Amino acid sequence: MEIVPERITAAPPDSKQEEKPVLHEKVNTKETATVNKQQMAVIEAFQHAWKGYKQYAWGHDELKPISKTYSEWFGLGLTLIDALDTMWILGQKQEFEEAKKWVVDELNLSKSVDVNLFETTIRILGGLLSVYNLTGDQVFLDKAVRSFTSVIYLIMKSFMYLCFSLKELIIAMVCICAVSS
């Protein structure tokens, strides 16, 4: 099996002034990297895990491999989005394209569900930005911007809830003080 790189990142120069890499520049190259046994073992392990996810949990947050079912944290395809950059790096182009199609057609960032802000930020926003950085595909940046907008909305909603809660607490304290005096 050979991996053909889409982009080559040059090693930093020996001088202290480093060149900044150009993102999303596709480099046409005939060079290929030979996959050694350890690399092949990683690819095969990924393929095994992905096959299970695809068969039993496609589009859901997590695969439960023992029961061959899935679980949902937020219903946002967390595992699928987490795996996009790995598929790209491992050269799993067919799997990548299938997952990308799911992101384009099925990923709904407008759901009204309770989410963990940390998990959403690192797994959805981080995953989408990571794969955008690797591929330069605008689809992932657009979804990342939508995800960021949702995260900001959650922060503002939480802040407003906190403000209203504090206001209600102060009013309750004033009422208690007024009644007890």
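Rings of Phe, Tyr and Trp (the six-membered ring for Trp) count as a pair when their centres lie within 6.5 Å, and the planes are called stacked under 30 degrees, edge-to-face over 60 and tilted otherwise. By that rule there are seven aromatic pairs here.

Tryptophan 50 also pairs with tyrosine 53, and this one is tilted: 5.1 Å between centres and 35° between planes. Both residues sit in helix H1 (residues 37–57), three residues apart, or about one turn of the helix. Tryptophan 50 is buried at 6% relative accessibility, and tyrosine 53 is buried too, at 2%.

Residues are numbered from 1 along each chain as its sequence is written, and side-chain values use heavy atoms, leaving out hydrogens and water. The mean pLDDT (the predictor's confidence in each residue, from 0 to 100) is 80, with 66% of residues reaching 70 or more.

Where pLDDT is low, predicted coordinates should not be read in detail.

## Overall layout

The protein has five helices and four strands, running β-β-α-β-β-α-α-α-α from the N terminus. These elements are DSSP runs numbered from the N terminus: helices are H or I with at least four residues, strands are E with at least two. Of the 181 residues, 27% are buried. Among contacts between residues at least 6 apart in sequence, 57% join residues at least 24 apart.

The accessible surface comes to about 12600 Å², and 60% of it belongs to carbon and sulfur atoms. Areas come from the Shrake-Rupley method with a 1.4 Å probe, and for residues only the protein chains shown count as cover.

## Salt bridges

Side chains of opposite charge can pair when their charged atoms come close. The structure holds five salt bridges, each a side-chain nitrogen of Lys or Arg within 4 Å of a carboxyl oxygen of Asp or Glu. One joins aspartate 137 to lysine 100, with the closest N and O atoms 2.4 Å apart. Aspartate 137 lies in the loop between H4 and H5 and lysine 100 in helix H3, so the pair ties together parts 37 residues apart in sequence. Both partners are buried.

Also in helix H3, lysine 101 meets aspartate 105 at 2.5 Å, N to O; the two are four residues apart, about one helical turn. Lysine 101 is exposed at 53%, whereas aspartate 105 is partly exposed at 43%. In helix H4, arginine 123 bridges to glutamate 119 at 3.7 Å, again four residues and about one turn apart. Arginine 123 (13%) is buried, as is glutamate 119 (16%). Asp82 joins Glu119 and Arg123 in a network of salt bridges. Leaving aside residues up to four places away in sequence, glutamate 119 touches Trp73, Phe74 and Ile124.

## Two more spots to look at

Most residues other than glycine have a negative phi. Lysine 68 has a positive phi of about 55° although it is not a glycine. Lysine 68 sits in the loop between strand S3 (62–64) and strand S4 (69–71), partly exposed at 48%.

On the surface, Phe148, Ile152 and Met156 form a nonpolar patch with about 280 Å² of accessible area together. Patches take residues with over 30% relative accessible area and no salt bridge, joining like charges within 9 Å and nonpolar side chains (Val, Leu, Ile, Met, Phe, Trp, Tyr) within 5 Å. Phenylalanine 148 belongs to helix H5 (residues 138–180) and is partly exposed at 43%.

How values were computed:
Buried < 20%, exposed > 50% of the residue type's maximum accessible area, 1.4 Å probe, protein only. Contact = heavy atoms within 4.5 Å.
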